[in-house]
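I opened my notebook to look up how one protein chain is put together. Have the picture beside you as you read along.

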Amino acid sequence: MSVLPVLVVFDLDHTLWPFFVDTHVTPPMKKNSSGQIVDSRGRIIKHYEDVPEILEYLKNEGIKIAIASRTVELDGANQLLNLFKWNRFIDFKEIHPGSKITHFEKIKKDSGISFSDMLFFDDEERNIKDIGRLGVQAIHVAKGMTMQILETALQKFEAHKLSQMSSKL
């Protein structure tokens with residue numbers, strides 16, 4: 001029996017894609033005639049390679065998915081989620097400036113899922129520390145999400161939950 005998180009939360013910038021949506025690309029984004037996603041200057045926009053597989057895996061396991069991003073470029077972030085066809089995987093979205101703690105409190109309220117049943121991935125250490133204090137298992141992603149990072153984090157999550165359960169016995 002494996003113990004999985006009920007909800008996995010992802011940051012966007014430098015976690016699911018290798019740029020800041022508010023400074024490194026120029027909205028609006030669209031698909032060009034070749035089917036590539038480009039910004040208004042024609043620059044090709046790509047996500048980290050493993051992300052579609054990661055999202056598909058989590059959905060297939062019955063794990064809910066949320067986005068928590070502090071960007072000021074709400075339209076651009078939402079355009080990319082739509083163009084990458086990721087909205088079909090996402091159950092909760094908090095995309096707005098401000099503290100990640102506020103994002104998580106809203107996700108908890110909307111989902112009814114406790115912080116201890118969440119797993120969070122972000123590229124910024126300050127967010128990892130802030131959200132970790134809430135009781136969320138928070139994983140630092142230095143160079144973008146990979147399947148290996150997910151697998152290691154799921155093992156760590158399970159070990160932590162099992163040790164919590166055994167200490168209550």
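My entries go from the whole chain to its sheet and then to one pair of helices.

**Ground rules.** I am reading a predicted model, where local features need pLDDT of at least 70, side-chain atom pairs count only at pLDDT 80 or more, and totals for chains, interfaces and linings use all residues. Residues are numbered from 1 along each chain as its sequence is written, and side-chain values use heavy atoms, leaving out hydrogens and water.

**Whole chain.** I found 5 helices and 7 strands (DSSP runs numbered from the N terminus: H or I of at least four residues for helices, E of at least two for strands). From the N terminus, I read the order β-β-β-α-β-α-β-α-β-α-β-α. I also noted that 43% of the 169 residues are buried, meaning under 20% relative accessible area with a 1.4 Å probe, protein chains only.

**The sheet.** I traced an open sheet of 5 strands, paired in parallel in the order β5-β4-β1-β6-β7. Two strands pair if DSSP finds at least two bridges between them. At the edges I saw β5 (92–95) and β7 (137–140), each pairing on one side only. Strand β4 (residues 64–69) joins β5 over 4 bridges, and there Ala66 stands opposite Phe92.

**Two helices.** Which residues of α1 meet α5? I listed Glu53, Ile54, Tyr57 and Leu58 in α1, against Met147, Leu150 and Leu154 in α5; contact means heavy atoms within 4.5 Å. These residues divide into 6 nonpolar, no polar and 1 charged, where Ala, Val, Leu, Ile, Met, Phe, Trp, Tyr, Cys and Pro are nonpolar, Asp, Glu, Lys and Arg charged, and the others, Gly among them, polar.

Technical notes. Buried < 20%, exposed > 50% of the residue type's maximum accessible area, 1.4 Å probe, protein only.
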